[in-house]
Structures are given as structure tokens and as C-alpha cells.
Amino acid sequence: MTERSDTGHVSPDEVPPNDVDVVIIGSGAAGLGAALAARARGARRVLVAEAEGVVGGSSRLSGGLIMGAGTRYQRAQGIQDDAASLYHDYLQLNRWDVDAAVVKRFTELAGPTVEWLGDLGVEFHEQLVFGGDERVPRVHVPIGRGQGIVDVLHGRCRAADVDVALGRRVDRLLVEGGRVTGVAVGDDEIRSGAVVIASGGFGNSAERLAEHFPSAASTGEAWYIGAEGSRGDALDLGAQVEAQTTGHDRGLRLLHTGIDRIYEAYIPGWLVLVDADGRRFCDETAPYGMMDHLMRMHGNRAWAICDHGTLVEATASGTARYKQTIPGSSKRQSPHWTTDVMELMLTAGRARRAATIEDLAFALDMDAAVLRGTIDRYNAGAGAHDDAEFAKHHTFLEPLREGPFYAVEMRPSTVCFTAYGLRIDRDAQVLSLASRPIPGLFAAGECTGGVVGAQYVGSGNSYANITVFGRIAGEQAAAFAIRSSR
Ligand SMILES: Cc1cc2nc3c(=O)[nH]c(=O)nc-3n(C[C@H](O)[C@H](O)[C@H](O)COP(=O)(O)OP(=O)(O)OC[C@H]3O[C@@H](n4cnc5c(N)ncnc54)[C@H](O)[C@@H]3O)c2cc1C
């Protein structure tokens, strides 16, 4: 244990040697990437402290889809793209309401970081996918999903002699003279030249969701699909050193039927989504980042409508018919849109069934003429293979012909990840309330705010954030530790 004066200051000749050069809190892709980058930048002793009994956090549960522009993988497919286009799209979609200099670095390094992962041994499917509204595909799909990336990073960490300590939930930063000098787990203190917080989000804490992601909590049935360890510890650790936070009410919510705890990233394209008034409000095949925003604009509650015949066909076909096809996972049955599950939803009160559209409107407390008009217009579009309202691709336009008709209540209650957290600068330094870097403290990944904006730009937005800033945080932390040890 370090001897400290009453003021917390330690005189230079009393300073004991560091136990390690860099401590990283959390073993998700942000933390493991930071560890590797710290070693590559010259840190000799790097320790990753992980609260849980398993390496990888939400990163291992994740699809691992990762956004990046101008990569060799894109070039191999003849896709022309560059970081400037990604930056432009990112700012436009977020209406500039992000930390632009931080985002600039992010978009510049997203492509090179995908390639860095590839150099380390991560394998990607040849086919790239669209993640949101980009003009060319820029989302890279790892073979083996997020677990595949975590396995590669973890293997590289082992080879680089990075220590990973499981079951070590950091509950305190060591701070001396305003500088972060280590971490503590209970009475066990570890001194280090620099600390990287990479402890993930707070989806697993109902209290934190209510406070910092209210549009998720207010669905009344928020259900988090990430890792146990996502409790928002970074917010407590940051508060200890008066760190600034940003990104209130940001994250990603997916539509859910509320019937079970199986998440479905997209809804099948043949469903018709209407708001509480009975009006369509979007192309039902919209990317999930866009759908989250659309749901905010339309009261966070919608009804997915279909007829019996289409449901029976969909069940028999055995495929979900999502618009977005992800290599390795697209040809499968929807977990919710089958005749069996519909019966369960009816029993559970999540769905209504009626012989006519007018009866369905009555059951949903809607104006029957409005819902009738919506369905008539939709059916006309289906007949003409042309959705005159929302331009949904004609292959998904199935007319609602004959009863019984079904309506299932949908809320954006599946919480994928959270995006409120510690404010960092473009070098991943955690900023104080006075917007100054807190010496010795760096952060990366889902525990930070300011990179992921109000608009989730698309699949791969979060994984690109965590890996880009994981690398930066590791490099900068190592450089800081080396500088300050001289
Ligand atoms: C099912 C699912 C699918 C997803 N799919 C995608 C996708 O395809 N593409 C995409 O971009 N995003 C996706 N996301 C989001 C993305 O995967 C996560 O935002 C990202 O992996 C978080 O990485 P991280 O390293 O910041 O945190 P994590 O991977 O969650 O790691 C943080 C680690 O810190 C540990 N920890 C927490 N507190 C402490 C403490 N006090 N002391 C020590 N350790 C601590 C945790 O236990 C955890 O292991 C998905 C998320 C989920 C849940």
C-alpha cells in the first residue's frame, strides 16, 4: 500500500514503483484492443482487470459487424469509399450533434482498424453489407461474429504477455495530486502509469437506464441483451475524478414484440407497421438505427399488421425475409412471425385478431376509416408493385387480403447498447468538468459518450467505435506512462 499525506499528495521520493505500466478496466474488444496497442507502443507490463468470470463482455455476444471506409476488403469487392465520405455521412445523419473532431479521428481510423483486426487474424466474410443509409456497403462481417474478434484479440494478448485478471471488479481509481495512478478492487491496490477505462455500458442497470437512457426505460419493458458486467461502473469511477459525461438518451433500441427474450434485429419486410392512429409511418424494412429514430418520432409504440395467409406462407417458407441479409445468418426463420408464436402472442395479450380490418381497428381503439384507408392504400401499392407512400421495395409488398387479420404491439424495448458516458477527446483522454484531460486517465468503447450520436449511423457503428478508441486509448496510455516514468 502506498503511504499518502492527508492531502492525498505523495512526494516524488516517496513514490513507490508502479506495479504495471497500464491498467485496463474491462476485457471487451475496447479493453483487449487497448492492451495490445499499449504493448505495441512500448508498455512492458499491461494488466486487464475484468469483473466477470469470462473475457469479452458484450463484445463477445455481439454480431461484431464493424463499419469502416476505404478498406482493402471494400477494394477487393470493387467498392469505392473513403473516410471523408464516412465522416460526411456521420455528421449529416447526426446533424453535427457529435464531438466532430473526435468523430473525424474515428472515421479516419475506422477503415485502418478493420484492417488491423484482419492483420491480427480476424477473418471477414467477402460480402460487405449496408448498415444504414450509406451509398456503398461499408460494414464488415467477421466470421465467428463478435466472439471471433474477441478470441483473436485475447489470443494476441496472451501471446504478448498481457495479464488478464478475471473476477476483479474495479471499484476505485487511485488518485494522487490530481493524477490517476492506479485502480483498486476493495483493499487490493494496483499502481500504474496510466489507466484505461473500457468497462462497457450500463444496459444491465435499470436505474441507470432510467436516468441516462430514458427513451429505453420509458418503453416500460426495456430488456438489455448485452453482458452482465454492463452496470455503468465507468460513471462511478469517472465521478470520483469529476469527469465530464455526454450522450444523454443515446444508444440503440430494437423493436420487440415483448413476448419472449429473443431479440430480432429487423422485422420481416412483409409486415405493415402503423402508429397508434392507424397510419403507416415508414418503410418497414428501414435499418434498425433509422427505425429507432422513427419510433421516437411516433410515440414509441406501433402495431405490426398482417393477414393469416401471409403468416401461414411465411411460416411454411422457413425464412424470415429480412431486407438486410447478413452473411452467415440470413436464411433462418423469424423467431416471432410464425403461426405458433402468433397464438402465444394472442394468449399473452400482445396481439389482436379480428375477422375484418374494421373489427381490428375497433380492437386497437383506432378510427376504422383511418386503418381501412391505410390498408387499402397499401394493398393498392402491393397490386401495382409500387409503394406510393414509403417506397418499400416491391418484393416485400404483400397485400392484406382476407381475415383473420392480426395486429401485434411493438415497442423499441430491446436495448442493444448504451451511448452515454465519459467524454473523451480525440486522443481518448477523459475530460474533466473543466474540459481538461485528466492526467493518466483514458477511456474507450461503450463507456464513453460523444462518438455515437443521437442517430445510430448503422450496423457496425459501435464496434468501430470501441476498436478505434481502444487502440488510441492503449497507445496514448502507454505513451503517457512511459513519459511520466522518466
Ligand atoms: C447481442 C448484441 C449484438 C451486437 N451487435 C453489434 C454489431 O454487430 N455491431 C456493432 O457495432 N455493435 C453491436 N453491438 C454493440 C457492441 O457489441 C457493444 O457496444 C460493444 O461490444 C461494447 O464493447 P466494450 O468493449 O466497450 O464493452 P464490453 O464488450 O461490454 O466490455 C466491457 C467489459 O468490462 C467489464 N467491466 C465492467 N465494469 C467493470 C469493472 N468495474 N471492473 C472490471 N471490469 C469491468 C465487463 O464485465 C465487460 O466484460 C451488439 C451488442 C449486443 C449485446
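How many nonpolar, polar and charged residues make up the shell around the ligand, by class? The shell has 15 nonpolar, 21 polar and 5 charged residues, where Ala, Val, Leu, Ile, Met, Phe, Trp, Tyr, Cys and Pro count as nonpolar, Asp, Glu, Lys and Arg as charged, and the others, Gly among them, as polar. The model is predicted, with local features needing pLDDT of at least 70 and side-chain atom pairs counting only at pLDDT 80 or more, while totals for chains, interfaces and linings use all residues. Residues are numbered from 1 along each chain as its sequence is written.

**Ligand surroundings**
- The ligand is surrounded by 41 residues, of which Gly26, Gly28, Gly57, Gly229 and Gly445 are the closest; a residue is included if its C-beta atom, placed from the backbone, lies within 6 Å of the molecule.
- Two or more residues of this shell come from each of H1, helix H2 (57–61), strand E15 (405–418) and H15, the helices (H or I, at least four residues) and strands (E, at least two) being DSSP runs numbered from the N terminus.

**Packing of H1 and H15**
- Helix H1 (residues 29–40) packs with helix H15 (residues 461–485) at an angle of about 35°, their axes being 7 Å apart; axes are lines fitted to C-alpha atoms over the stretch in contact, and angles run from 0 to 180 degrees between N-to-C directions.
- The residues of this contact divide into 13 nonpolar, 5 polar and 2 charged.

**Leu235**
- Leu235, which lies in helix H9 (residues 233–240), counts as buried because it has 22 C-beta neighbours inside 10 Å, the cut-off for buried being 20 or more other C-beta atoms within 10 Å.

Technical notes: A residue is buried if 20 or more other C-beta atoms lie within 10 Å of its own, exposed if 12 or fewer, and partly exposed in between; C-beta atoms are placed from the backbone.
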